[in-house]
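Work through the exercises below with the structure in view. Try each task before reading its solution.

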Amino acid sequence: MKKIVFFSLSILLVTSSAFAQSKAKPKTSQQLDPFTVIVSVGSNWSIFSNPQNSASTFTQAKQVSGFNLGIAGNWPVAKNLALQVGLRMTQKGSRVYADTPYLHVFSTPRPLYLQVPVGFEYTYKLDKNFKLFVGLGGYIAKGIGGKSSYAGIAGQLGEEASVNGNDKIIYGNPTSNLIQAETFGNLQKIDYGVNGIIGIKYWKLRLALGYEQGLATLAYGSTSPNPDSRNKSMSLTVGIQF
């Protein structure tokens with residue numbers, strides 16, 4: 001986690017210093033826009049893709065809500081085109097139902113990630129005050145927290161007992177127990193994927209709709225019946241660019 005934070009802050013500091021003087025100079029037709037910083041906050045709607053395989057039966061995963069909070073550097077590299085590198089705290093998750101011979105449990109895992117998004121954003125001027133922007137890129141993230149709440153029954157036929165809990169999610173431990181595996185209480189430490197955004201800007205204010213598709217598997221194949229699950233998330237964020 002320290003490496004991710006250091007990497008993001010280093011890029012923001014270097015690019016900020018490199019473009020600090022551009023704000024003090026009069027703008028000409030040949031000059032690019034100055035370096036800016038974007039601070040944003042918003043909501044996520046997330047789901048785990050493909051939560052089932054032949055080893056176990058899961059109902060269709062359902063969407064859950066979360067939050068995101070981030071900061072990004074906006075570095076113009078051409079007319080209307082900028083490179084963006086940021087640091088974001090984001091909560092994802094899903095609601096699933098595990099139905100195995102020994103476990104019948106509803107669970108709602110909500111992993112919390114520290115995420116570094118990197119991408120390019122293109123801006124189109126609609127009029128004097130409004131601009132439309134679209135962006136494409138990718139991200140890498142590290143799990144830093146979150147909990148998995150669950151409730152149901154476990155045990156062999158005739159020996160069932162109720163189980164419930166709200167446990168901290170464990171990252172990077174492939175030797176988890178049955179309940180941790182079935183309720184997504186044990187996840188891979190690193191997630192990565194692709195993302196895209198579209199939005200509108202008025203003055204310094206931004207409103208953006210985003211989508212992220214995880215490419216990394218979430219669970220461990222040796223202990224979980226859902227090794228092919230991946231994060232999918234939509235977001236709506238508001239921000240200020242200065």
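Predicted model: local features only at pLDDT ≥ 70, side-chain atom pairs only at ≥ 80, totals over all residues.

**Exercise 1.** Find which residue forms a salt bridge with Lys92, and state where the two partners lie.

Solution. 
- Step 1: The partner of Lys92 is Glu212, with the closest N and O atoms 2.7 Å apart.
- Step 2: Glu212 belongs to strand 12 (residues 205-214), while Lys92 sits in the loop between strand 4 and strand 5 (96-99), so the bridge ties together parts 120 residues apart in sequence.
- Step 3: Buried means under 20% relative accessible area. Glu212 has 9% and is therefore buried; Lys92, at 1%, is buried too.

**Exercise 2.** Decide whether Arg88 is buried or exposed, and find the nearest side chain of opposite charge.

Solution. 
- Step 1: Arg88 is part of strand 4 (residues 81-91).
- Step 2: Arg88 is buried but has no salt bridge.
- Step 3: The nearest side chain of opposite charge is that of Glu212, 4.0 Å away.
- Step 4: Contacts of Arg88 beyond four places in sequence include Asn68, Tyr113, Pro117 and Glu212.

**Exercise 3.** Explain why Asn195 counts as buried, and say which backbone nitrogen its side chain reaches.

Solution. 
- Step 1: Asn195 lies within strand 11 (residues 190-202).
- Step 2: Its relative accessibility is 16%, and buried means under 20%, so Asn195 counts as buried.
- Step 3: The side chain of Asn195 reaches the backbone nitrogen of Gly138 at 3.4 Å.
- Step 4: Among the residues that Asn195 touches, beyond four places in sequence, are Pro117, Tyr139 and Glu212.

Notes: Residues numbered from 1 in each chain as written. Heavy atoms only, no water. Helix = DSSP H or I, 4+ residues; strand = E, 2+ residues; numbered from the N terminus. Buried < 20%, exposed > 50% of the residue type's maximum accessible area, 1.4 Å probe, protein only. Polar contact = N/O pair within 3.5 Å; in protein donor to acceptor, adjacent residues only side chain to side chain. Contact = heavy atoms within 4.5 Å. Lys, Arg positive; Asp, Glu negative; His and termini not counted.
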